[in-house]
Amino acid sequence: MESTATTPQIDKVAKLLLNAWSAEYALRIRPLISDQSEMDTSVDWIFPQAYFAFLFSVRAVLAVDGILVANPESIEKLVTRWVANGRYGNGIFNNNNPLVELMQHRPSTSKKPVRLTKAEFASLQQKLIQKIYAVSIIHETYILNRLGDEAYQQLINSLPSYLKDAFVGARATFLLTNN
């Protein structure tokens, strides 16, 4: 499939995806922590990582179509309309909408600290990773279809090895094989 995006669009999409994947990477590598106060701090940290993985992923979807929007509130309103209009399809989005849940994790100074046990922390981290994965499959499929196989593969090949040889490369292989 040939790319329908211009070189500047591809460059912008690549930068936004790198930001999304870096946030997802940070969420994925957070080790289990034994110290309760450090774990409490980590809980406050993993929510924004999930949010920014989502936000930059949506911005990349917009950028592939030449739409450059950075305002989180505008992006969230747009995504809410997309969900309501069925752009994300049905399935998991009827009963358990990861998009809406991820938007609720926008960094805020008004949130109360969260205290969790190690098991609760591990479960929360895993749930956030699963939500990011579900949303990323949809967004990255759209981007792949707009860029075309060759341009998308070049984008993946240009990544640092900690992304290319890990979850991003695995997801790209899945998308390219099943597209």
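Biologist: Why is P72 called partly exposed in this predicted model?

Modeller: The relative accessible area of P72 is 23%. Buried residues lie under 20% and exposed ones over 50%, so P72, at 23%, falls in between and is partly exposed.

Biologist: Where does P72 lie, and which residues does P72 contact beyond its neighbours within four places in sequence?

Modeller: P72 belongs to helix α3. With those neighbours set aside, its contacts are Y51, L55 and R106. The C-alpha atom of P72 is 9.8 Å from that of F56, and these two residues are 16 apart along the chain.

Biologist: How do you know what class of residue forms the contact of α1 with α7?

Modeller: I10, A14, L17 and W21 of α1 meet A151, Y152, L155 and I156 of α7. Ala, Leu, Ile, Trp and Tyr all count as nonpolar, so the contact has eight nonpolar residues, with no polar and no charged ones.

Biologist: Which residues of the largest nonpolar core touch the most other members, and which element gives the most to this core?

Modeller: Among the 51 residues of this core, they are W21, F54, I143, L147 and Y152. Elements giving two or more residues include α1, α2 and α7. The most come from α2, which gives 15 residues.

Notes:
Residues are numbered from 1 along each chain as its sequence is written. This is a predicted model: local features need pLDDT of at least 70, side-chain atom pairs count only at pLDDT 80 or more; totals for chains, interfaces and linings use all residues. Side-chain values use heavy atoms; hydrogens and water are left out. A nonpolar core is a set of buried Ala, Val, Leu, Ile, Met, Phe, Trp, Tyr and Cys residues joined through side-chain atoms within 4.5 Å. Buried means under 20% relative accessible area, exposed over 50%, partly exposed in between (1.4 Å probe, protein chains only). Contact means heavy atoms within 4.5 Å.
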